[in-house]
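The exercises below are meant to be worked with the sequence and the coordinates side by side. Try each task before reading its solution.

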Amino acid sequence: MSHQDSTDRRTSFSNLEAVFEFLLPAELDDSRRHGNATIGCRTLAAMALVCWGWSSRRTLSQKMTEASEVVASLMPDAQTASRQGVCQALRRCGQQIQNVIWERLQQELPRLKGYWTTAGRPTFAIDGTKFT
C-alpha cells in the first residue's frame with residue numbers, strides 16, 4: 001500500500017535486549033514448572049515477545065524460527081524450543097508470565113514519566129488491527 005513504509009524499521013537488537021531487561025526480570029526463571037520443562041519462563045516470554053510483538057514474518061513457523069534465532073543471540077545461555085514446545089509451554093504458564101510482566105509494568109512505568117506519558121498518563125500506540 002502506498003501509505004505504508006517499505007523500509008524495515010524494526011527495533012535494533014540492542015533495543016530489544018533493553019526491552020527484555022526492562023520487562024523480564026531474572027526472577028521470572030525462578031517460577032516453578034513441571035519436572036521435565038527445559039525452557040525457562042524468561043526465555044519463553046522473550047520468544048513470545050519476539051514472535052508476536054517484533055517479528056514481521058508471515059507464518060507462525062517463520063516467526064518462531066526468527067524468535068529462536070533472536071533469543072539465542074541475545075540470551076546465549078537460554079535454551080529455546082520448537083514452535084509446538086513454545087505454544088504448549090505458553091498454554092501451561094502463560095498466565096503466570098503475564099502476571100509477572102503486568103506487575104513489572106505497574107512498578108516501572110511510573111518511574112518513566114516524560115518518556116511514556118502524555119498529560120501524566122501512559123501512552124500506547126494501537127494499530128487498529130482486528131484479531132479473531
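**Exercise 1.** Leaving aside its neighbours within four places in sequence, with which residues is T43 in contact? Then decide whether T43 is buried or exposed.

*Solution.* Bear in mind that this is a predicted model. Begin by placing the residue: T43 belongs to helix α2. Once the neighbours within four places in sequence are set aside, the contacts of T43 are D29, V71, M75, A78, Q79 and T80. Next, take the relative accessible area of T43, which is 4%; because the cut-off for buried is under 20%, T43 counts as buried.

**Exercise 2.** Determine which residues of helix α1 are buried, how they are arranged around the axis, and what covers them.

*Solution.* Within α1, which spans residues 13-23, the buried residues are L16, F20 and L23. Viewed down the axis of α1, these buried residues fall within an arc of 85°, and therefore they line one face of the helix. Finally, the cover over the buried residues of α1 includes α2 (41-54), α3 (60-74) and α4 (83-108).

**Exercise 3.** Describe how α1 is placed against α4, and which residues meet.

*Solution.* Start with the axes of α1 and α4, which come within 9 Å and cross at roughly 95°; that angle makes α1 roughly perpendicular to α4. Then list the residues: E21, F22 and L23 of α1 meet I101, R104, L105 and E108 of α4.

How values were computed
Residues numbered from 1 in each chain as written. Predicted model: local features only at pLDDT ≥ 70, side-chain atom pairs only at ≥ 80, totals over all residues. Heavy atoms only, no water. Buried < 20%, exposed > 50% of the residue type's maximum accessible area, 1.4 Å probe, protein only. Helix = DSSP H or I, 4+ residues; strand = E, 2+ residues; numbered from the N terminus. Arc of directions from axis to C-beta. Contact = heavy atoms within 4.5 Å. Axes fitted to C-alpha atoms, helices over the stretch in contact; angles between N-to-C directions. Parallel < 35°, antiparallel > 145°, perpendicular 65-115°, else oblique.
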